[in-house]
Amino acid sequence: MARKKADKKSDKKSGAKAKATSTDAAAQADSAARSAQKAAAKAVEAAKAAVAEAARLAKQADKAARAKVRDLERSLDKLRKRGTADGSTSTRAEPADTTPEEATAAARAAAAPQPAAAESAPAVPKKPAAAPKPAAAKPAAAKQPAAPKRSATEASADDLAKKTVAELRAIAKERGLTGYSRMPKAQLVEALRG
C-alpha cells in the first residue's frame with residue numbers, strides 16, 4: 001500500500017513537471033509567434049517604403065522622359081523650319097504622338113546632310129564637242145559586247161534578298177514605289193522584283 005502511495009505521489013510530480021514543461025513550451029511558442037509577427041510587420045513596412053520609393057522614382061523618370069521628348073520635338077520643329085527656309089520641303093508629316101526613340105531618329109535624319117540630286121541641275125558641257133575622229137579598223141571578233149552596268153537600284157532577285165530592310169526601302173524610294181515604309185522585307189523584295 002505504501003508502494004501505491006509512493007507511485008501516486010511520483011505520478012503527481014511527473015504530471016506537474018509535464019504540465020510545467022508544456023506551459024513553458026506554450027509560452028516560448030507564443031513569444032516566437034510575437035517575434036515573427038513583429039518581423040512580418042517590419043517587412044510589410046519596408047515593402048511599403050520600397051513601393052513608395054519606386055513610385056517616386058518612376059514618376060521622376062517619366063517627368064524627365066517627357067521633358068526630353070519636348071526638347072526633341074522643339075529641336076525637330078527648328079530643323080523643319082530651317083529646312084523649309086532653305087527651300088527643301090518635307091512631304092512626310094511626323095505623327096503627333098512619337099516615342100523618344102522615334103523623335104531622336106527623326107531629328108538625326110533631319111539634321112543629316114542631304115545629298116545633291118543629280119537630276120536637279122542639267123549637265124553643262126565644259127568644252128564644245130569635237131568632231132569624232134575616224135576609228136581605226138579593228139577586227140570584229142576582237143570587240144566584245146560590254147556587259148550592261150547595273151545601278152544600285154537595279155539588283156537581281158538574289159541581291160535583293162541579301163539586302164537589309166533599310167537598303168530595300170532606299171531602293172524602293174529611288175524607284176518611286178509607294179507604301180514601302182510599312183512593308184516587311186519579303187513584301188519589299190517582291191515589290192522590287194515586279
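**Surface, core and helix packing**

Author: The protein chain exposes about 16,800 Å², and carbon and sulfur atoms supply 58% of that area. Please bear in mind that this is a predicted model.

Reader: What percentage of the 194 residues in the protein chain is buried?

Author: Buried residues account for 9% of the 194.

Reader: How does one read a nonpolar core, and which residues form the largest one here?

Author: In soluble globular proteins, nonpolar side chains tend to be buried together. Here the largest nonpolar core comprises eight residues: Leu160, Leu168, Ile171, Ala172, Met183, Leu188, Val189 and Leu192. Helix H4 (165-175) and helix H5 (185-193) are the elements that each contribute two or more residues to this core. Beyond its neighbours within four places in sequence, Leu192 contacts Leu160, Leu168, Ile171, Ala172, Arg175 and Leu177.

Reader: How is the packing of two helices described, and at what angle do H4 and H5 pack?

Author: Two packed helices are described by the angle between their axes and the distance between the axes. For H4 and H5, the angle is about 35° and the axes lie 10 Å apart. The crossing of H4 past H5 is left-handed.

Reader: Which residues meet in this contact?

Author: From H4, Val165, Leu168, Arg169, Ile171, Ala172 and Arg175 meet Lys185, Leu188, Val189 and Leu192 of H5. By class, this contact has seven nonpolar, no polar and three charged residues.

Terms used. Residues are numbered from 1 along each chain as its sequence is written. This is a predicted model: local features need pLDDT of at least 70, side-chain atom pairs count only at pLDDT 80 or more; totals for chains, interfaces and linings use all residues. Side-chain values use heavy atoms; hydrogens and water are left out. A nonpolar core is a set of buried Ala, Val, Leu, Ile, Met, Phe, Trp, Tyr and Cys residues joined through side-chain atoms within 4.5 Å. Buried means under 20% relative accessible area, exposed over 50%, partly exposed in between (1.4 Å probe, protein chains only). Helices (H or I, at least four residues) and strands (E, at least two) are DSSP runs, numbered from the N terminus. Contact means heavy atoms within 4.5 Å. Axes are lines fitted to C-alpha atoms, for helices over the stretch in contact, and angles run from 0 to 180 degrees between N-to-C directions. A crossing is left-handed if the near helix is turned anticlockwise from the far one by less than a right angle, and right-handed if clockwise. Ala, Val, Leu, Ile, Met, Phe, Trp, Tyr, Cys and Pro count as nonpolar, Asp, Glu, Lys and Arg as charged, and the others, Gly among them, as polar. Accessible areas come from the Shrake-Rupley method with a 1.4 Å probe; for residues, only the protein chains shown count as cover.
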